[in-house]
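Visitor: Could you walk me through this structure? I'd like to start with the core.
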Amino acid sequence: MNITDEELIQSIKAGSKEALTILYDRFCRQLLAFSYNLLKDRELCEEIVQDVFIDFWNRRYELQIKVSLQSYLYATVRYKIFAEFRKDKAIRVELYDDINSRMQYSTPETRMIHEELEEQVRLIIDNLPDKCQLVFNMSRNEELSHKEIAELLGISTRTVETHITNALKVLRDSLGHALTIEFILHLLR
């Protein structure tokens, strides 16, 4: 069908199960291949991808997608993969070692999606208020502690924490719930 991603999202928000089936057919194989490249466990990958579509349907009324639908779905799968690594660290240590390179460059398509998400994050950070942007960049890019930032800028550590909290909230609100803070911070590395 020649239905655009935007039309598909609107149909799903309106409760169309047919639109959900189209979404599934359009992206399922790509998401399975992407997740398998990272996890090397077919059954777990199928479960993760299925959960992504179930969550998408369950949250259809509150969806606010600020990136392409494809990027949104890949980000959601990526988040669920990170959650899997957190749950089962002992088994997945060897997989996690090289995850960043496999995640970004497993296919030209995933590289493009990763770059799109990074650009989206950069744009959002660039639009933060100047002081908030400065504090956030000092924390994330220069890896300074809250105390070090406070001393350099002549502000309290509480003010530093407030700026960082505000920046992360703007990022989360702008990119949607699929991109959790952990994932956003991963993009910034």
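Guide: A nonpolar core here is a set of buried Ala, Val, Leu, Ile, Met, Phe, Trp, Tyr and Cys residues joined through side-chain atoms within 4.5 Å, where buried means under 20% relative accessible area with a 1.4 Å probe, protein chains only. This is a predicted model, in which local features need pLDDT of at least 70 and side-chain atom pairs count only at pLDDT 80 or more, while totals for chains, interfaces and linings use all residues. Residues are numbered from 1 along each chain as its sequence is written, and side-chain values use heavy atoms, with hydrogens and water left out.

Visitor: OK, which residues have the most contacts inside the largest nonpolar core?
Guide: They are Ile12, Leu23, Leu31, Phe56, Leu69 and Leu73, in a core of 31 residues. Two or more residues each come from helix 1 (5-13), helix 2 (17-39), helix 3 (42-58) and helix 4 (69-87), helices being DSSP runs of H or I of at least four residues, numbered from the N terminus. Helix 2 gives the most, with 10 residues.

Visitor: And what does Ile12 touch?
Guide: Leaving aside residues up to four places away in sequence, Ile12 touches Ala19, Leu20, Leu23, Phe56, Trp57 and Arg60, a contact being heavy atoms within 4.5 Å. There is also a second, separate core of 16 residues, which includes Val121, Ile124, Leu128 and Val135.

Visitor: Switching topic, how many helices and strands are there?
Guide: The protein has 11 helices and zero strands, with strands defined as DSSP runs of E of at least two residues.

Visitor: What share of the residues is buried?
Guide: Of the 189 residues in the protein, 43% are buried.

Definitions and conventions: Buried means under 20% relative accessible area, exposed over 50%, partly exposed in between (1.4 Å probe, protein chains only).
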